[in-house]
Amino acid sequence: MAETLEADVAIIGAGPAGTAAAAHLGTLGIKDVLLVDRHDFPRDKTCGSGISPKGIETLKQLGVWEDVAEHAYWIRGIRIVAPGGRDSWQSAGDVAEAVVCKRRVLDHLLLQKALSGGTRFIPHFDAAEAIEENGRMLGFRGRDGREVRAKMTLVAGGSHCRVGLPELRPRRTIQAIMGWWDNAEFRPHHVEMIFDRMIEPYYGWLFPESETRVNIGITYEDPPDGKKNARELFKRFLDKHYAERLANATQVGGFRGHPVVWSYKIDKLTAPGRIAIGESGLMTHPATAEGIYQGMRSGMLGAEAAADIIQGRRPQAEAFERYEKGCVKAFQLSFWGGGVFRKLVKTNALDWLIAATDQPIVQSATAKLMAHM
Ligand SMILES: Cc1cc2nc3c(=O)[nH]c(=O)nc-3n(C[C@H](O)[C@H](O)[C@H](O)COP(=O)(O)OP(=O)(O)OC[C@H]3O[C@@H](n4cnc5c(N)ncnc54)[C@H](O)[C@@H]3O)c2cc1C
């Protein structure tokens, strides 16, 4: 007979959302936490791996920042190319520092933090279906037949996993494709964001991961009636913007594609016995596709809701309402701002803004705006 595992809180997925939730549950006094992932760690994840100032703040709150800082590559400036061709290098100054930390490293450090707080981790557990009774989620079943039963389940499986998800609002998709290069020409400690009409309202990027390695990618939308050829689009982008700087570089591995799912509205994140956190709850930024900070922050808020219910501080309905309000407070303004930004990218506004950045004060303000968006 297949094994049954039990826990107070079970979490599907050990990305930033699931690991942050597990780590935070440990500090809230919930010791019986079971975290499963279909992979073992450390594992790679297709991602630019950029962490914004808010993400750094959250890592500090989780008590994992010092470990991440040791492995991260520091970002102190940004190059922005506007759709009309205006090109500007800007300094973020001392305040708006960001970092790039490879997901293989970041997610593993977050997992180690959760383990040190008492979380049990089961790798190679592929959650296949929810176990429900009278509409309440009691746990989930793996593809191999093993079962997990828990008082509360946090669904943190990212863009593809739908196991046990509450009936979510309609999801929208940003497509992304990227690659890695050694010895490309790049300005140290600067990220690049290239807004080009061929991918509007999205952008392409170059993020340095170390003194020698960069990742480059594009985000774009498919038209309602079909699919763009991702590789062909990416090659056109690379030829136009990076051909010279990649001439003597060595590509590391192949191109990797992965979608990012999102929604402007933040609601319907809960249903009896379950809470959606991170990208499973469609909480990624509509303009930048940022999801690491949103994953960790919603993971912490979801952990607080689960702890409130299990420790008897609040009834489920009140804890759920508090969780959704917490996510709205944390993200809604920036998601609406992202919507405005998507519209601006289709005009000449970004070119005008960059033209104004000849003024140092506007320069620094623009860099901070991009870092905090
Ligand atoms: C190309 C690209 C570039 C990006 N660049 C950035 C960036 O620079 N900065 C940024 O902040 N965000 C970026 N993002 C977004 C970011 O990667 C995600 O939004 C973020 O990882 C979401 O975190 P999460 O924990 O919700 O999910 P994920 O990180 O996707 O983690 C989900 C975990 O669940 C596991 N899982 C899935 N299904 C199951 C299952 N059925 N059973 C068990 N386990 C399961 C997976 O193995 C995975 O480990 C990028 C995304 C893409 C695609």
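Helices (H or I, at least four residues) and strands (E, at least two) are DSSP runs, numbered from the N terminus. Contact between two residues requires their C-beta atoms, placed from the backbone, to lie within 7 Å. The model is predicted: local features need pLDDT of at least 70, side-chain atom pairs count only at pLDDT 80 or more, and totals for chains, interfaces and linings use all residues. Residues are numbered from 1 along each chain as its sequence is written.

Two strands pair if DSSP finds at least two bridges between them. β5 (residues 77–81) and β13 (residues 190–194) pair in the parallel sense over five bridges, and G77 has H190 as its bridge partner in β13.

Six bridges join β9 to β10, with E132 partnered by M137 in β10. The two form a hairpin with two residues between them. Three bridges join β10 to β11 (residues 147–155), again antiparallel, and G139 is partnered by R149 in β11. In this hairpin four residues lie between the strands, and G145 takes a positive phi near 95°. Five of the seven residues of β10 are buried (20 or more other C-beta atoms within 10 Å of a residue's own, against 12 or fewer for exposed and partly exposed in between, with C-beta atoms placed from the backbone).

Helix α4 (residues 103–116) has 14 residues and spans 20 Å from its first C-alpha to its last, close to the 20 Å expected at 1.5 Å a residue; the expected span is 1.5 Å times one less than the number of residues. Its buried residues are L106, D107, L109, L110, L111, K113 and A114. They pack against α1 (16–27), β2 (33–36), α3 (65–71) and β8 (120–122). G118 follows α4 and has a positive phi, near 110°.

Around the ligand there are 41 residues, the closest being G13, G15, G158, G278 and G291; a residue is near a molecule if its C-beta atom, placed from the backbone, lies within 6 Å of it. α1, β12, β16 and α6 (292–310) each give two or more residues to this shell. The shell divides into 17 nonpolar, 18 polar and six charged residues.

Some backbone sites remain. Most residues other than glycine have a negative phi, and most peptide bonds are trans. N134, not a glycine, has a positive phi of about 50° and sits in the loop between β9 (127–133) and β10 (136–142). L282, also not a glycine, has a positive phi of about 60°, and is found in the loop between β18 (274–276) and α6. Are these two sites buried or exposed? N134 is exposed, with 6 other C-beta atoms within 10 Å, whereas L282 is buried, with 27 C-beta neighbours inside 10 Å. A cis peptide bond joins F41 and P42, with omega about 0°. The bond from E200 to P201 is also cis, with omega near 10°.

Terms used. Ala, Val, Leu, Ile, Met, Phe, Trp, Tyr, Cys and Pro count as nonpolar, Asp, Glu, Lys and Arg as charged, and the others, Gly among them, as polar.
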